[in-house]
Amino acid sequence: MANAAEHSGGHGHAGVIGGGGRLEAVRLLLWALAGILAFRQAAAVLRVPPGDWLSGFSLPGLPGALYDTGQFTGTPFAGLVIKPLLGFADQSLEIAWTCVTLLFVAAIGLVAARALPDPVPRRTALLAAPGLVALMMVSLPVREGASPGQTAVLPVLLMLLAVFRVPGERPAGFLAGLAAALQPALLLFAVLMWLSGRRATARSAAVTFAGATVLAWAAMPRDSWTYWVHHLAGTGLGGAPDGLANQSLHGALLRLGLSGPAEIVLYVALAAAVAVLGLRRAARYARDGQLLLAVAVTGCVAVAVMPTGWRHQLLWVLLAVAGKVGRRAADRPVWPVAVVLVMTLPSDVLLPNLAVLSPVRDNVLLLAALAAACAVPFLPRSSPHWREPVPTAYGRPAAARWSRIPLMPVWRRVLSRPNLLLELLLIRVGYSLYSHIRAAAPNSRAVAEGNGSQILSIERALGIDIEHAVNHAVVGIGWLEGFFNFYYTSFHFVIPLAILAVLYWRRPGDYRWARASLGLATVLALIGFWLYPLAPPRLMPGLGFIDTVHGPQDLANPQYGAMTAISNQYAAMPSLHFGWSLWCGIVIVVLAPKAWQKLLGVLHPLITVCAIVATANHWVLDAVGGAAVVAAGFGLVYVLSGPRGLDVRLPAQRRDEAPPVPAPDRRVLS
């Protein structure tokens, strides 16, 4: 780390920037996307009236004390810098603050992209900077960091410049000391510099931090006493320490119900352990040449151990994607995908709203920082898999059966088992997005009932309007009504998940085929929900249907039973109850080895279609729509990847490895 700036300056990127017209086009598109996201973020901030925006600083007027309101969370030095700015015009300060903050974010992306350790593949060198800037623009720290009074983006930029771009030990230490003066926990970077051999820089950073703190103390002694002594380095400022916004070890322990001396002792012990372990790891990565990863790990340690680690200070976690995890190429996306999802999506999207999961859901950002600091096994550059991971095994290209429907070569058929953590994470996020999109689909009652009348007219013309007769016949037979109610409410999710689990373990090649077809069918169904909101028979007034599952409904003011709060009741065409059951049946019939298993696969969609009609939850044509989207899902998978082919069963003793299939062209993997 002794020559970090020189290492960054001679990174070797210049020789790879010029090639590849297609990559250049992708890079331009990513920069355009980053610009659009930055404009969107700026527009969201600038929509706030100047007076309301200025009040977000939580600072009293120039003569007042910084912490009278208890809302300003910055250091006295930060207040000393910010307070004079309040004399400018409200509108001009609002525009300047927002634009400068977003420019700082872009600068962080550029510096971090240039700091990736050699050798850097051409694709990474071209796309890293715009991709990182775009991700940061939608990340939670930047969305909150662009608000008034927040200076969390500036310390990150100052520290990156100190480590990678500024030549000379003392100037670099000066920038690092300024960053620590704005966010005291970043003084841990001086320890990293000391451990990695940059002792002059560490001393300069410590002196600068002390000088800035003394300057602020001399200018604002009352504020400095309040911040450093009364509030113990800002603890309790800006909100309740046990609030969800405080993603530090101290905040997590308070949310778990601990308090008093026991909580303080446990917090100090955990913070010390995290600091020691994290800084040792960071120093090791710095000596290994992975300076960006070392900086990210140290930043994660700093936010975790400080008494109040606000969400807008967690940008360090996003920089930790620089580390490589896993021997196999298939495992490499797990860590970056997990980080991106954690840093961009609400925690209730990542984890279901269950009480048993609340300790994880409420602290998901802290857990990501702790994982980066102490737990994730990042590969050293000396590992044989750091540059060349075990390649993914692909099936041999298959010829299209229909010459007019060409296959897309970009979607190759993977035979190896995908990473389980990545699969679970993507399935959870995918289902959450499905639920949100379904709930947000148009739900106009007049339109939905009009479409219901249209469907009923078509069925009468075709002679298949059997819903009313079946519904009333089943209601007259108690045990049959109970059976269909149970079947309708119990197996919609259980059986598809069980099939996916069995395929994942026993037939990984077929798992990808089945999963992709189910996902595509679901996406097509969401389009149907948006384009054609439809009232199910039980919600059609004047037709005499009986809601066997939810009970009698007041159609003048329908409540739709317990599912109203989480499900759009007019998202009925196509029927995914039947569509998913048909998908299950097809997969079982195609893949099951025994006749009785195939029979169960045939019975499941047949019973399901009887259940959705008997309970008055769907029209017959809804089932036809469900069958159509499932057929389209399987058809799209065929178009994209070719015939399913024969799955290669993996030996029991080597189920974590791929079957011996010739590796694809390395140029595609680079």
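**Close-up views of a predicted helical model**

View 1. Ala 616 is buried, with a relative accessible area of 0%; buried means under 20%, exposed over 50% and partly exposed in between, with a 1.4 Å probe and protein chains only. This is a predicted model, in which local features need pLDDT of at least 70 and side-chain atom pairs count only at pLDDT 80 or more, while totals for chains, interfaces and linings use all residues. Residues are numbered from 1 along each chain as its sequence is written, and side-chain values use heavy atoms, leaving out hydrogens and water. Ala 616 sits in the loop between H29 and H30 and has a phi near 65 degrees, a positive value in a residue other than glycine. Helices (H or I, at least four residues) and strands (E, at least two) are DSSP runs numbered from the N terminus; the protein chain has 31 helices and zero strands.

**View 2. The largest nonpolar core.** A nonpolar core is a set of buried Ala, Val, Leu, Ile, Met, Phe, Trp, Tyr and Cys residues joined through side-chain atoms within 4.5 Å. Here the largest one holds 118 residues, and Ile 108, Leu 160, Phe 164, Trp 316 and Leu 319 touch the most other members. Helix H15 (residues 291-305) gives the largest share, 13 residues. Leaving aside residues up to four places away in sequence, Leu 160 touches Ile 108, Val 111, Arg 165, Leu 292, Val 295 and Leu 319, where contact means heavy atoms within 4.5 Å.

**View 3. The nonpolar surface patch.** Helix H29 (residues 595-614) supplies the largest share, six residues. Val 589 lies in helix H28 (residues 576-591) and is partly exposed, at 33% relative accessible area.

**View 4. Two cis peptide bonds.** Asp 118 and Pro 119 are joined by a cis bond with omega about -5 degrees; Pro 119 is in the loop between helix H5 (90-114) and helix H6 (122-138). The bond from Met 573 to Pro 574 is cis too, with omega near 5 degrees, and Pro 574 is in the loop between helix H27 (508-531) and H28.
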